[in-house]
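The sequence and structure are shown first.

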Amino acid sequence: MATRYFNDLHNWLINEEFSSTRQAHLHKAYVLWLNLLSNPLAFAGFLVVLALVLIAIFAPLLANHHDPILQDLTMALKPPSSVNWFGTDEFGRDVYSRLVYGARTTLYISVLVTVIVAPIGFAIGASAGYLGGWVDVVLMRITDIFLSFPSLVLALAFSAALGPGIENAVIAIALTVWPPIARLARAETLTFRAADFVVAAELQGAGMGRILFRHIVPLCAPSIIIRLTLNMSSVILTAAGLGFLGLGAQPPMPEWGAMAASGRQYLLDAWWLTTVPGIAILLVSLAFNLLGDGLRDIMDPRNA
């Protein structure tokens, strides 16, 4: 009887603890949402990013019944109209549908680069900050070598070496984006390296991996999320630049940089070929910058 009572009490305490933790997370998310609403520019950036995600998800429904890769030379270079909202390109393809499907390509590159860069950058930076000594020197000097080159030039070099293609473009961009994340993770780790809770965990026998991912990652996460959000604009611009030069997504895949490049020779007669994807790149890059600045104001405890 006593055993059953203690088991019930134990289960009740676990459920209460889980419920309290969930309520704390919900309250934190609610406060974050209210702070985001109070920042008009950040909220505008959030709406544009949300629109990009929704457009990418529902591209087949939003493409206005036009195939983005179907060619019809009889409809080549038609101006914007009620049938073709943003006109047609030199192959008679609907620019609006290609713009909508191009959102998928842009989002795919941005998300994949972020998924690759976040763990690599944190692992390198946190290891350097936690271990120190020659490990810190070697890892940071490698990071400095990557930082010494302009990101676009380095991405062009890697893309040229790997060859054209969207997967190679993702790898090339990821190789240029991780160094700032690593430097930030190192700085954050050095801040918490000598904290009492880290020392207590070490005295209890916790290993390096447990300390980093159990104690330091949650504290570094806000700064890294902000940095990754701000990096999205440079990722999009670099991907568009690679596509513009023919090193990114290959035809006939719709991609905003490649779309802008294909309209160069028709710029005076068919302005929409370059203007429409250029405006899309501008809006999405600006939106990520505004959202990142807003998140920095909201999530940085020093601004509280």
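## Lining of the largest cavity

In this predicted model, the largest cavity is lined by Thr 106, Ile 109, Ile 236, Ala 239, Ala 240, Glu 255, Trp 256 and Ile 281. Two or more lining residues come from each of α4 (95-131) and α9 (208-244). The biggest share is that of α9, which gives 3 residues.

Sorted by class, the lining holds 6 nonpolar residues, 1 polar residue and 1 charged residue.

## Number and volume

How many cavities of 30 Å³ or more does a search of the whole structure find? The search finds 1. The space in the largest cavity comes to about 40 Å³.

## Helix α6

Helix α6 covers residues 151-162, 12 residues in total. From first C-alpha to last, α6 reaches 16 Å, close to the 16 Å expected at 1.5 Å a residue.

Which residues of α6 are buried? They are Leu 154, Ala 155 and Ser 159. Viewed down the axis of α6, these buried residues fall within an arc of 135°, so they line one face of the helix. Ala 160 and Ala 161, on the other side of α6, are exposed.

After α6 comes Gly 163, which has a positive phi, near 100°.

Note on methods
Residues are numbered from 1 along each chain as its sequence is written. This is a predicted model: local features need pLDDT of at least 70, side-chain atom pairs count only at pLDDT 80 or more; totals for chains, interfaces and linings use all residues. Side-chain values use heavy atoms; hydrogens and water are left out. On a 1 Å grid over the protein atoms alone, a cavity is a set of points where a 1.4 Å probe fits but cannot get out, and a pocket is an open set with protein on both sides within 12 Å along at least five of seven lines; lining residues have an atom within 4 Å of a point. Grid points are joined across faces, edges and corners, and a volume is the space filled by probe spheres set on the points. Helices (H or I, at least four residues) and strands (E, at least two) are DSSP runs, numbered from the N terminus. Ala, Val, Leu, Ile, Met, Phe, Trp, Tyr, Cys and Pro count as nonpolar, Asp, Glu, Lys and Arg as charged, and the others, Gly among them, as polar. The expected span of a helix is 1.5 Å times one less than its number of residues. Buried means under 20% relative accessible area, exposed over 50%, partly exposed in between (1.4 Å probe, protein chains only). The arc is that of the directions from the helix axis to the C-beta atoms.
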